[in-house]
Amino acid sequence: MKRYHTTLLLAFILAFSYSSAQQTTTLTGVIKDANTNELLPFTNIIIFNTTTGTSSNEDGRFEFTGLNVGFVRLQVSSLGYEPFISEEILLSAVRPNYVEIALTPTSTSLEEVRVVASPFAQRIESPLSLQRIGLDVIERSAGASRDFSKVLQSFPGVGSTTSFRNELIVRGGGPSENRFYLDGIEIPVLNHFSTQGASGGPVGILNVDFIREVDFYSSAFPASRGNALSSVFEFRQIDPNPERPAFKATVGASELSLSVNTPITENTSGLFSVRRSYLQFLFDQLGLPFLPTFNDFQFVTKTKLNRRDEITFLGVGALDQFRLNPSPDDTEENRYILSYLPVNEQWNYTLGASYRRFIGSNNFLVALSRNHLNNTIFKYADNDDSSPDNLLNDYVSDEIENKLRFEFVANPGEYRLSAGFNLEHANYYNRTTNRIFVNDVSRLIDYETNLDLFKYGVFGSVSRRMLEERLSLSGGVRVDANSYSSSMRNPLEQLSPRASASYALLPEFLVNASVGRYYQLPPYTTLGFRDENGVLQNRFNNLKYIRADHFVAGFEYRINSNTRATIEGFRKRYADYPLSVNEGISLASKGADFGVLGDEEVTPDSKGRAYGAEFLIQRRSPEGLSYILAYTWVNSEFTDASGDYVASSWDSGHLLTLTVNKSFNRNWDAGLKWRYIGALPYTPFDRNTSELVEAWDVRGREYLDFARFNQERLDAFHQLDLRVDKTFFFERFSLSLYLDVQNVYNFQSRNPARLVQALDENDAPIIFTAENDSRPRYELRELRTSSGTVLPSIGVILEF
């Protein structure tokens, strides 16, 4: 491994010994009305915080020439419209740079109040608990390797688990409580090798080359977005270029990718990408016991039929392959991993289409989509598949959803109204054969389920600004129901009201608050679980929608045009959370491992609470210096089978992150990220149960003592990541290189103690019997391990 790291570093230093001159480029685009989609003539456009400006022509089009390559933001103003500052736009010297900007009409005349544009996002429905993440943060974030899920760790309220996983832990909620939308189409799977029923995985699926900006809601969710308890993400992709094709090839830390941005017809243009990893080769060279490979695709096409009608088609999908390495490095930890690790393979896709029509100052959207997740898991004792008697776990599952959503937005006078509905048909199939050891008995779970669900939701909201735009008020409501059981059929049982307010005490100082009740359907794995008699046991147990009540208040201080500071306090109350019958713990503390969440008998008896405070100071500077300092204090607890509150697996206490990026002359960029995660709780093992031969042969690893659930704590985690970027420009192409070094000072994170079999001189496990128990037992001993290593990687991006 040291030789591998040294080779990467030498290659990167050699490449950076060359330099290139500063290049210039052109930026074109259009300005339009957000309500009517009409193009806006004679609009003022300025490169933010500069004196370089232009205006749109009579057709609403504009052009800048002679701009330096790199990131820029546009400041746009027009009489009768709210001033606007765009997210970062990455200008290239070798491809066309194109952007479309929509301005929102304002009911307040410029004579009444001077409205100042802010470079930080604020929506009237969500005046707080909203972060808009731009391409500059995604592209240059140290330690992220262009993976969006890792970029999120820079923002307040976002926790994480191990350094190689992408779980989203938002304000103490579990990793199953998040929802993701790509250009308005829901994408249930965000990561490769994802945990079914949750959001985590080791590598993100989305191609960041296509992302323009991301709105991250940690509360105050729009009424049109349901089935979320902790966060909602709105990914918006860049506008495909209507002029000429452009190509981008990337060699990243673990994968190869190719993307195309191209016109297709006179009115249609599109984005297309494919990606394949080479992790199997790397893991084999490093002597690891498992060999994963992932593949993914992504595309979007946008067609402008006319000024009032637009159609979008998009798709994203992945194929994840996995096999065990029969000859890894012969370490005790590798032998331990091979003893329990199953083979887990997946494929998934989402295909969607949306049609938007503008009618006067109103518009409506119709969105159709289909998503499918196939998950396969199997495990043989001693990884010997020569006999079916060795089969310990055989799991095959399909989740298929077909969705229709209608949204109507009206702008009558000073109000903004929205309303709509969604209809869904879901099919869940599961065939499970699984040997488990529970309550001192070995059991075989063997069932097959095929579950059809019809779901619907209805939503509406109203918003208004008043008192010369100083006060913003918004209220909304939605109801959801489905055909699973009588407890879920009544939509009034899932009545979800929400309200928010923002008041500007001073132009630069705002007071914000929101309150809302949100519902989420338990995972299909839980809904479809059957007992040995084929009964939907969790329906019999009166499973319900999970409920969360949010209370949030805070302040925002806009220090200057580039910098802001925010403070928010939050409290979440949970009810009707599924509680594991076998383990007596809430499913809220599960979902941070590979495999499946929720495929077991539960009751809707767990309650929870998460509360804390967040502080953020963020600077986005045109001089090239940007930083994010985020601190979160959070407590997260859920009740066990006795009704007692115990720390959840995400009860980290303190989260602190500092992210800094700086641009230099001659196309150099550098960045760092330092993060601190407080001591996470863990559950100690149950040696008495683990020693039993019958128990160990089923699981291949230690059993946890759930009577002492999360009563121990790991050490606090901290890590420093560094990144350096350099771009070279040539006549017909550009070449960008980056060096990303994770865990620079080689912090070692202590793992919970594990148990392994003690072996005799013939490498056979030692078996004994206890004095008061005649059952055979393995002699086990503790395995103490740590994780963490200096991990440099090089990326190469070729654009032509």
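Predicted model: local features only at pLDDT ≥ 70, side-chain atom pairs only at ≥ 80, totals over all residues.
Me: Is glutamate 213 buried or exposed?

Reply: Buried means under 20% relative accessible area. Glutamate 213 has 10%, so it counts as buried. Its side chain also makes a polar contact, at 2.9 Å, with the side chain of arginine 236.

Me: How do I read a nonpolar core?

Reply: Think of buried nonpolar residues joined through their side-chain atoms. The largest nonpolar core here has 36 residues. Among those touching the most other members are Ile133, Val214 and Phe235. Elements giving two or more residues to this core include α2, β17 and β18. Another core, of 31 residues, lies apart from it, with Tyr181 and Leu453 among its members.

Me: What does isoleucine 138 touch, not counting residues up to four places away in sequence?

Reply: Isoleucine 138 touches Ile133, Arg146, Phe148, Val151, Val208, Ile211 and Val214.

Me: And how do I find empty space?

Reply: Roll a probe the size of a water molecule over the atoms, and it shows where empty space is left. Here the count is 12 cavities of 30 Å³ or more.

Me: How many residues line the second largest cavity, and which lie nearest its centre?

Reply: The lining has 25 residues, with Leu90, Arg95, Asp209, Ile238 and Asn261 nearest the centre. By class, that lining has 13 nonpolar, four polar and eight charged residues.

Definitions and conventions
Residues numbered from 1 in each chain as written. Heavy atoms only, no water. 1 Å grid on protein atoms, 1.4 Å probe; cavity = no way out; pocket = protein on both sides within 12 Å on 5 of 7 lines; lining within 4 Å. Points joined across faces, edges and corners; volume = space filled by probe spheres on them. Nonpolar A, V, L, I, M, F, W, Y, C, P; charged D, E, K, R; others polar. Buried < 20%, exposed > 50% of the residue type's maximum accessible area, 1.4 Å probe, protein only. Polar contact = N/O pair within 3.5 Å; in protein donor to acceptor, adjacent residues only side chain to side chain. Core = buried A, V, L, I, M, F, W, Y, C linked by side-chain atoms within 4.5 Å. Helix = DSSP H or I, 4+ residues; strand = E, 2+ residues; numbered from the N terminus. Contact = heavy atoms within 4.5 Å.
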